[in-house]
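Here's a quick walk through this chain. Have a look at the model first, then read on.

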Amino acid sequence: MTTSAVVMMVFAMILMWGGAAICIGIATKNRDK
């Protein structure tokens, strides 16, 4: 595996987890209202 592929994979994982965290946060906020 090349270094750029690893960097892209890590970046994609961070984006995925960030998106999931935002979605969970919005869902929790909407549930509280």
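## Burial and overall build

Buried residues account for 0% of the 33 residues in the chain. Keep in mind that this is a predicted model.

As for secondary structure, the chain has 1 helix and 0 strands. Its C-alpha trace spans about 45 × 10 × 5 Å along the principal axes.

## The helix

H1 covers residues 3-32. With 30 residues, H1 reaches 43 Å from its first C-alpha to its last, which is close to the 44 Å expected at 1.5 Å a residue.

How many of the 30 residues of H1 are buried? The number is 0, so H1 lies largely in the open.

## What the surface shows

Ile14 counts as exposed because its relative accessibility is 56%, and the cut-off for exposed is over 50%.

How values were computed. Residues are numbered from 1 along each chain as its sequence is written. This is a predicted model: local features need pLDDT of at least 70, side-chain atom pairs count only at pLDDT 80 or more; totals for chains, interfaces and linings use all residues. Side-chain values use heavy atoms; hydrogens and water are left out. Helices (H or I, at least four residues) and strands (E, at least two) are DSSP runs, numbered from the N terminus. Buried means under 20% relative accessible area, exposed over 50%, partly exposed in between (1.4 Å probe, protein chains only). The expected span of a helix is 1.5 Å times one less than its number of residues.
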